Amino acid sequence: MKYFSKIAIFISLLFLSSNAAQSEGGFGPKTSEELRYFLDTWFEENLPKYATLGTSVSFVKNGEVYLSKGYGTLDIKRREGVQSNTIFRVASVSKIFVGIAAAQLIEQGIIDLDEDIRKYIGDTLIGKEEFSHITMRHLLGHTSGLDEQFYGDSTLDPNQYQELEEHLKTFLPPLVREPGQLYAYSNYGYALAAYVVEKTTGMPFSKYVKDHILTPLNMHNSSYTLENYIKEKLATGYDGDKLSLQERPYTYVHRYPSTSMMTSAEDMANLMIAVLNSGTYEDRKVYGNIATKLIQTPLYETTSQTSGYSAGFQLSDRWGHQIIWHDGTHFGFNAYIMLFPELNMGFFAASNHHDGNLLGDLRFDLLNKFFKPNSVKKPQKPYQTYTDHNLLKGTYINSRRALENLAKINNLFITPLKITSNADNTINVFGRNYAEIKPDIFARTDLASRRLKVNRDNNGDVISIAYDVNDSPAVFERQSLFQTASTHHIIFLGFILWFSTSFIYRLFINKKKQQSVPFFVTAPNAINLVFILSFIAFFASLDLLNLRTGNIPAIWIILSLPILAMAVSIISLWRLNTTIKISVLTIHQKVFWISCITVQLLFLLQLHFWNLLGFKMIS
């Protein structure tokens, strides 16, 4: 018996020690050689499968650079190899520099996180009383309530480049929600936060970042501005598939702090070391504990285990690991940074292709290889219910969308999020099942760290859900039947059928009558039909770069068509009262005429709903 007892104790100790090794430093690559072998093999196998030409990566652990290396080529013509100091545009990864800059000033007491930002920037930019409650907490946490807009935020001509203050003042979007009410990712909001840094420090934001972040961290191949030394090492960005790669021109982004940092994997390794070490790099302290908390804890979150947003970083939990991270996509470029504060590890990658599939697959393969535990926690069957899941069924749409400008039409083409209920007491969201673990808190049945939270109004009605989309925080607002894209698809289809058949009726049927309906009655129908078909063709072929730069002259012509149709309709009404003998018209002709005018008015209301009546390029 003693012999078997000793064996049982030995096996138990062995099991516990293996679990301890997994939880205390057992995650991540054990050596730099192991990591290098994994990445070399991965890129050799996978890089040829993607349109991406080149990628640069770096990995840090315990304050040391485990790897900093380039793969592939940076230019389709020269075929020059990517190096660790090759520079890429990192798009929205730039927001971490805004977050760090703001956190530095908050730590120093120069900026109050919860003070009205007009205290720092005055009221010349956002003087309206409705903006009086916006704070840095709102801007950094993406809860400012500002509308989303893209039109005209960039230019290809450096001579047309706008200073940050000028652009923010010209393109100030309206508030579409109460500040702090709802999370909605905003490039404008982060540019406005950078402007607060400008006004409080008295220097351009790009210079502040260079003096207080880049230089102290020896990030000498990083800049917001396209200087000569940046040009020499900057990779060429591409779009398209492998057989038709399209080189993308350099774009000058007016609200540059949010999206325009250019940097290398080598430089980002230094930044990751500093962020993981409470703002300290070598013997230099860029910031301290207060800023560290702002960067590593959420300013916005829905539950303690749902994704959130800190000062510059997205926050998520995977298999019990806290991850602070960000991704970014710009014309021709893609980037990703992922840090594990509790494990003191970090990973950065950038590529010279707009498509993020390569970096996305690399991220998940890296996570699965080095950070996945032996067993993944899942909700236990039988699944419980704490609320009526039938009340959740419906259609939801991302809160990050335009409401007061032309870009609202994009909502017609976005795949909505639909929630259905299952027989096993779970709900289905985008093909994934979630079980309710607390009232209005759901966990994914195959990955418990993935959460969904239901938000209700004071009456208990569901108004939105907070939901992790590929680790990103997102809020989806519930839509009524009238608000859904499918409803408006039917409405627009109905207008197309009416405009088509009514015009055909006038040309080929009513024309044979002794007293036919005048041509100008159906002329608006023809104009509206041309408008709809032209807009569909325009939208299907639209290059977003042209939208972002405002270089879309065709849209002005297309948007003038409903105005022309409205003018012709007014003339039609005037003719009806002055020149046409209504008494000689048949009942069918009278009904047809009235129907044409009525449908025209309804169509104008539909266009107004979608901001297509007039030239609402910006909010």
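Where is the place of Phe430?

**Figure 1. Overview of the predicted chain.** This is a predicted model, in which local features need pLDDT of at least 70 and side-chain atom pairs count only at pLDDT 80 or more, while totals for chains, interfaces and linings use all residues. Residues are numbered from 1 along each chain as its sequence is written, and side-chain values use heavy atoms, leaving out hydrogens and water. The chain holds 17 helices and 24 strands; these are DSSP runs numbered from the N terminus, helices being H or I of at least four residues and strands E of at least two. The C-alpha trace spans about 110 × 70 × 55 Å along its principal axes. Of the 619 residues in the chain, 54% are buried, where buried means under 20% relative accessible area, exposed over 50%, and partly exposed in between (1.4 Å probe, protein chains only). Taking contacts (heavy atoms within 4.5 Å) between residues at least 6 apart in sequence, 68% join residues at least 24 apart.

**Figure 2. Two nonpolar cores.** A nonpolar core is a set of buried Ala, Val, Leu, Ile, Met, Phe, Trp, Tyr and Cys residues joined through side-chain atoms within 4.5 Å. The largest has 85 residues, and Phe97, Met136, Leu140, Leu192 and Leu271 have the most contacts inside it. Apart from this one lies another core, of 31 residues, with Leu67, Leu343, Ala349 and Leu358 among them. Zoom in on Met136 and, setting aside neighbours within four places in sequence, you will find contacts with Ala102, Ile111, Leu113, Glu115, Ile117, Gly141, Ala193 and Val196. In soluble globular proteins, nonpolar side chains tend to be buried together.

**Figure 3. Helix 3 and its surroundings.** Helix 3 runs over residues 95-107, and its 13 residues reach 18 Å from first C-alpha to last, close to the 18 Å expected at 1.5 Å a residue; the expected span is 1.5 Å times one less than the number of residues. How many of its 13 residues are buried? The count is 12, so helix 3 is mostly covered. Among the buried ones are Phe97 and Ala102. Just after the helix, Gly109 takes a positive phi of about 80°. Helix 3 also belongs to what covers the buried residues of helix 11, as do helix 10 (265-276), strand 13 (314-318) and strand 14 (321-330). Those buried residues of helix 11 (residues 289-296) are Ala291, Thr292, Leu294, Ile295 and Gln296.

Figure 4. Val253 sits in strand 7 (residues 252-253), and Ser154 in strand 4 (residues 154-155). Val253 counts as buried because its relative accessibility is 2%, and Ser154 counts as buried at 2% as well. Beyond four places in sequence, Ser154 touches Tyr252, Val253, His254, Arg548 and Thr549. From C-alpha to C-alpha, Val253 and Asp153 are 6.0 Å apart, though 100 residues separate them in sequence. Ser154 and His254, also 100 residues apart in sequence, lie 5.6 Å apart in space, C-alpha to C-alpha.

**Figure 5. Gln246 in strand 6.** Gln246 belongs to strand 6 (residues 246-247). Its relative accessibility is 41%, so Gln246 counts as partly exposed. Leaving out neighbours within four places in sequence, Gln246 contacts Gly237, Tyr238 and Asp239. Leu544 is 298 residues from Gln246 in sequence, and their C-alpha atoms are 14 Å apart.

Figure 6. Now back to Phe430, which is found in the loop between strand 19 (426-429) and strand 20 (432-438). Although not a glycine, Phe430 has a positive phi of about 50°, and it counts as partly exposed at 44% relative accessibility. Asn218, in the loop between helix 8 (205-214) and helix 9 (228-233), is not a glycine either, yet has a positive phi of about 55°. At 25% relative accessibility, Asn218 counts as partly exposed. Lastly, the peptide bond from Lys381 to Pro382 is cis, with omega near -5°; Pro382 lies in the loop between helix 12 (357-370) and strand 17 (394-398).
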